[in-house]
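I opened this notebook to keep track of what I looked up in one structure. The entries follow the order in which I went through it.

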Amino acid sequence: MPGPSCTWRKGGSKMLVARLLFLNIWRNRTRSILTFVGLMVAVLAFGLLSTVVQAWYAGAEAASQARLITRSSISLIFPLPASYGERIRHIDGVDQMTYSRWFGGIYKDTRNFFPQFAVDPPTYFAIYSEYRLSEEARQAFYRDRRSAVVGRRLAEEHGFQVGDMVTLKGQIFPGQWEFLIAGIYDGAEEKTDTGKMYFHWAYLNEELKRRRISRDPDSVGVFITSLADASRAAEVSLAIDGLFLNSPKETLTETEQAFQLGFVAMTEAIVVAIRAVSFVVILIIMAVMANTMSMTARERTSEYATLKALGFSPRFVAGLVVGESMLLAVLGGLAGLLATYPAAWAFQASTGNLFRHFAVSPDTSLMQLWAALATGLVAAFFPALRAYRIRIVDGLRAI
Amino acid sequence: MPAFIEIENLSKSYRRGDTTVQVLDGLSLSVEKGDFLALMGPSGSGKSTLLNLIAGIDRPTSGSIRVNGVEIGGLSDAELAQWRAQNVGFIFQFYNLIPVLTAFENVELPLQLTSLRAAERRARVERGLAAVGLADRMTHTPNELSGGQQQRVAIARALITNPALIVADEPTGDLDRVSAEEILAMLEHLNHEEGKTILMVTHDPKAADHARAIVHLEKGRLEDARR
């Protein structure tokens, strides 16, 4: 016997377990590498698709509950009379009011799409305080009716600089429209959209009249109101819409977040499909890895039986299977997680202005890790159970 | 004084589909401590099953097996695993070494179930491998060793915890004559010089000649025993 003071245990040392796990993974290199790559790609795809879904909702998430959007009750494409503004401003609960109108011009080529809005600069930038503009740029913008400001991301994308003349070709409002870049605004937060261009509504309105463009002069696309108390949003919304009830141009008022979610809802089927695909990818790799682990465990049946014959417990033997699967899952998962960051960067670079905010969130990274761990665990379940249950005499015969 | 191994009215049957296969049928046998018994018989006679039952890796359908005073049929699975680790050294026909581990690590495996410190384990394994003439092959993996060398590693592994009982199932079945003779001489030495009780299943009469006694099984029953 090893000695009078010796006690016995049911499993090997941590060193032995770690060594067995690493050596076993490296045993069938081709199979392990293919499984590793498969897992990495699956976790990467899962992360990237999850980021796309998050980016889709980013606009709505960044939107405020304390701001209301009032639009035509028929459709957003129908403008509202600018005169509604003064009446809205005086409703109880409204703190500030501004308005905007979608311009929809083309910069050089249709591929260079970016949103442009005609706004009332002082009131608009008072409400949207998350847009940070230097005092000098602000004054320059307010002073010159033909000037415009652009967001930092948009400026970097197209190389816009202060003092540049930018010409847009109007789609809704025909003709060439020239704007002088008076400033570049930054976002207060990372999620703040800096991909838009703002110019004077007054300039657009005057030009519509001067050029005799029959596109509803003295109209705006939406009114935006900020509330002193966000909890009164429903009450104020009803009050605004009540003002114009039974008028030729009735309104629909909702919170900015609900308004943005309305846009997302139009493409909800795509989002659902993307989300479904991201989970299907994980299910596929689960099946692939379960097959790998089954083959692995089957090939080692006699070794597991030998270990049991020597006195190692069934739990120790099953632990080896689970450990190997988890080790492979963690390695593949981490590789996939790390690869998601450059992949997301490349994705955003190739999609240009499509997403206002496209970044891998900590939640997504966490989900990727969980998905990898779940894959390892699910893949190991049946092979580990088999290794646990195998009778020694049957296993020894499996040579 | 009771025998080291006492088997009484031992039966083992398997279900195969709708039929019951009787492998051992009311077998009784006594083995004294320090004996070297060769179990012989045609295929299907039950000799390997008998060895597995005595070694505690299978359970009898009925009957009693007492090894060194312990009724092993009454032990739970966990108790039986610990009893095996402490009392039985296994030598298999195909060596059953873990292919990714070195000779040193394979021999060390049973010691991993003890509380011995790493330094003491190392000293024991080095002594064990030196005893089977493989001191210079400690870092070799099984596929870097010949069949005879692998079996010697297996013998070192079987002896490393100093068990009272060695069970060997066709230990020379996969070896050439020279290697087989080396292994049998080693078993004989263990029995004669170290007093190990050895049970060996073999088809080979020349291998059986190394044992002190030969037991013949036929259709699950004891046919003949001679010394």
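**Helix pairs in chain A**

I began with α12(A) and α13(A), which are roughly antiparallel to each other (angles under 35 degrees count as roughly parallel, over 145 as roughly antiparallel, 65 to 115 as roughly perpendicular and the rest as oblique). The axes of helix α12 (residues 314–351) and helix α13 (residues 362–389) of chain A come within 8 Å and cross at roughly 155 degrees. I note that axes are lines fitted to C-alpha atoms, for helices over the stretch in contact, and that angles run from 0 to 180 degrees between N-to-C directions. Helices (H or I, at least four residues) and strands (E, at least two) are DSSP runs, numbered from the N terminus.

The model is predicted: local features need pLDDT of at least 70, side-chain atom pairs count only at pLDDT 80 or more, and totals for chains, interfaces and linings use all residues. Residues are numbered from 1 along each chain as its sequence is written, and chains are lettered from A and ligands numbered from 1 in the order in which they are written.

I looked up the handedness of α12(A) and α13(A) and found a right-handed crossing (left-handed if the near helix is turned anticlockwise from the far one by less than a right angle, right-handed if clockwise). By class, the contact of α12(A) with α13(A) has 20 nonpolar, nine polar and one charged residues. Here Ala, Val, Leu, Ile, Met, Phe, Trp, Tyr, Cys and Pro count as nonpolar, Asp, Glu, Lys and Arg as charged, and the others, Gly among them, as polar.

Next I took α1(A) against α12(A): their axes are 9 Å apart, at an angle of about 60 degrees. These two helices, α1(A) and α12(A), are therefore oblique to each other. α1(A) passes α12(A) in a right-handed crossing. On the α1(A) side I listed Val17(A), Leu20(A), Leu21(A), Asn24(A) and Ile25(A), and on the α12(A) side Leu320(A), Gly323(A), Glu324(A), Leu327(A) and Leu328(A). The contact of α1(A) with α12(A) divides into seven nonpolar, two polar and one charged residues.

**Domains of chain A**

I looked up how chain A is divided, and found domain 1 (14–59 + 268–397) and domain 2 (74–249); such bounds come from an automatic or database domain assignment. The centres of domain 1 and domain 2 of chain A, taken over C-alpha atoms, are separated by 49 Å.

**Where chain A meets chain B**

How many residues of chain A are in contact with chain B? I found 24 residues of chain A in contact with 25 residues of chain B (contact: C-beta atoms, placed from the backbone, within 7 Å). On the chain A side, the elements giving two or more residues are α1 (14–25), α11 (301–310) and α14 (392–397). α11(A) gives the most, with five residues. The chain A side divides into 13 nonpolar, eight polar and three charged residues.

**Sheets of chain B**

I then traced an open sheet of four strands in chain B, in the order β2-β1-β4-β5, with antiparallel pairing (two strands pair if DSSP finds at least two bridges between them). β2 (19–31) and β5 (70–71) of chain B stand at the edges with a single partner strand each, so one side of each is left without a neighbour in the sheet. Strand β1 (residues 5–16) and strand β4 (residues 62–67) of chain B are joined by five bridges. Glu8(B) stands opposite Ser64(B) in β4(B).

A six-stranded open sheet in chain B has the order β6-β7-β8-β3-β9-β10 and mixed pairing. Its twist averages 20 degrees from one strand to the next. β6(B) and strand β7 (residues 165–169) of chain B pair in the parallel sense over four bridges, and Ile91(B) stands opposite Ala168(B) in β7(B). α5(B) packs on this sheet, touching β6 and β7 of chain B.

**Last entry: α5(B) and α6(B)**

The axes of helix α5 (residues 147–159) and helix α6 (residues 177–194) of chain B come within 9 Å and cross at roughly 15 degrees. α5(B) and α6(B) are therefore roughly parallel to each other.

Methods: Contact = placed C-beta atoms within 7 Å.
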